[in-house]
Amino acid sequence: MSSLARYLPPFVTIEKDKPQLMAVCPREKIREAVEHMVKQNFRFVTMTGYDDGQNLVVIYHFAFHPGQNVPEKGTIHLKVVVPKSDPKIPTVSDILPPAFLYEREIWEFLGVVFEGHPRLEHLFLTEDYPKHPLRKS
Amino acid sequence: MSSIIPVGPYHPALHEPLMIKLFVEGEQVVDVDLRLGHVHRGIEWLGERRTWIQIPYLAERICGICGDVHRRTYISAVEKLLEIEPPPRAQYIRTIMLELERIHSHLLIIAALFHAIGFDAWFMQIMAIREKVMDLCELISGNRKHYAMSVIGGVRRDIPDELKPKILRVVREVREYTQKVIIPVMETDKTYLARMRDVSKIDYGTAFKYHLVGPTVRASGVYTDIRYDEPYEAYPEVDWEVIVHKDGDNWARMYVRALETIVSCDIIEQCLEKMPSGDIIHPKAKPWLRMPPKVPEGEVMSRSEAPRGEVVHFIKSTGGDRPARWRVRTPTYANLAGIKPLLVGCHVADVPVSYTTIDPCLSCTNRIEIVDVRTGKVTVVTDAQLRMLSRKYTKNLVPRVR
């Protein structure tokens, strides 16, 4: 098992550690997990969302940086999987200010609702765009 | 009572359109709001409908200035899934192209900044130097932009030995110009200092909290550079240093870029010297020049340091000849999160300058409507007028400047 796992909160399950460490976090614990990473001074890189056919997946990417004074380099990914019938995840935009734009983008393209987000409005597409374009079927 | 100034979306001087709403009280900016997507092209959606070897051309066209770094980042993500490494010579060639791109991008934004504060002579001189770098890129790849150098498992074109003296000549010229002209101007010119010093300060805490990237965050004292954090290509093999400055104001952001131009020149010189001979493409990768590979299932993220900061490409493969998801995060997207601490508190006349110092790869201000919220009166201000406002401000600072 990868030594990077010690940086993760205890309640996540490691999905794979090659080529990069990917851990799955239950959606109700994601705020706690993100806070855990922020406390250890990880750089928040970005958020990715995709539709894998059955579920919607949101990934939070974190990266090591020299300011942490740890020997490891590279990235750590936290994944949250939600069903299409109930696509809700608590927002992290108050813990991580840059997530404000990324969550808006993921809502716009995939329709994942970030509960508690202050302004879940269109960012890239027009206000009357009829659907979430990256949803499959 | 605050008034709203909508800035944008279209502006010919900065590269791409963006709409910023400035909430102002008198001359002071008190709040900022953003609206993106005026040049939304659906590239990620298109990417899911292209094969692995068609996407690099699409990736390269994400940006008109730093296209090569997008291509490299995408290709390195695919290489990570395929578990192949380009041969050493290819890695050196990629590094040289990335650094040439950084030089011309930094020179462009330094020139654009001098233009914004009204130093047009500098603008033209720096653009003339930049033109030599562009000619060099054309000599190497056949194109001023969109070099199409990296392919899966290597590079497409070699840099022959007879080109080396030409590259060295241009690189030395750029370094000499930066050291003898650009940096002394930045350090000593009183007008420049008056416009740039202590304007739009971002301190260490804010820069880190907003997770800004690239020279913007390094100018605030955060030691991070993807070339150093997660070394790629030939960077671990050459001797170079990360430029960090602690001031965090407009001046520091541009100063870091000027110093980085010199570092890039050093990296190119060392790469040319140390470049090993040998293949430029992995033998296993040769068929993939024409036919898309079957990429194994998996999810991978790849990062590079673009001139503006960290570029991120994320790929999910389901084992076919095309990706199931291709996600790109450009550096300006990350830096826009920091536009609020950047612009709040500065003067309206400082907005074009402060905004230029984050090196935006989106942009603004063709036409500004000033809406007076008290009377509802709308005044349309053109870009030229805003620019005049900026120049008038410089003039007031130093009466001798025309």
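Predicted model: local features only at pLDDT ≥ 70, side-chain atom pairs only at ≥ 80, totals over all residues.
## Extent of the contact

The size of an interface is often given as the accessible area lost when the parts come together. Between chain A and chain B, about 3500 Å² is buried, and carbon and sulfur atoms give 56% of this area. Three residues, A:R43, A:F124 and A:L134, supply 17% of the area that chain A buries against chain B, which is more than any other three residues.

Counted by residues, the contact takes 44 from chain A and 39 from chain B.

## Polar contacts and salt bridges

Between the two chains there are 15 residue pairs in polar contact, with both residues at pLDDT 80 or more. The count of salt bridges between chain A and chain B is five. B:E48 forms a salt bridge with A:K136, and their closest N and O atoms are 4.0 Å apart.

## The chain A side

Several elements of chain A each supply at least two residues of the side that touches chain B: strand 1 (13–16), strand 3 (43–51), strand 4 (55–63), strand 5 (75–83) and helix 2 (99–110). Strand 3 of chain A gives the most, with eight residues.

By type, the residues on this side of chain A divide into 22 nonpolar, 13 polar and nine charged.

## Helix 11 of chain B

Helix 11 of chain B covers residues 250–274, which is 25 residues. At 1.5 Å a residue, this helix should span 36 Å, and its end C-alpha atoms are 36 Å apart, so the two values agree.

Of the 25 residues of helix 11 of chain B, 21 are buried, so the helix is largely enclosed by the rest of the structure.

Notes
Residues numbered from 1 in each chain as written. Chains lettered and ligands numbered in written order. Heavy atoms only, no water. Helix = DSSP H or I, 4+ residues; strand = E, 2+ residues; numbered from the N terminus. Expected span 1.5 Å × (residues − 1). Buried < 20%, exposed > 50% of the residue type's maximum accessible area, 1.4 Å probe, protein only. Contact = heavy atoms within 4.5 Å. Buried area = accessible area lost by both parts, 1.4 Å probe. Salt bridge = Lys/Arg side-chain N within 4 Å of Asp/Glu carboxyl O. Polar contact = N/O pair within 3.5 Å; in protein donor to acceptor, adjacent residues only side chain to side chain. Nonpolar A, V, L, I, M, F, W, Y, C, P; charged D, E, K, R; others polar.
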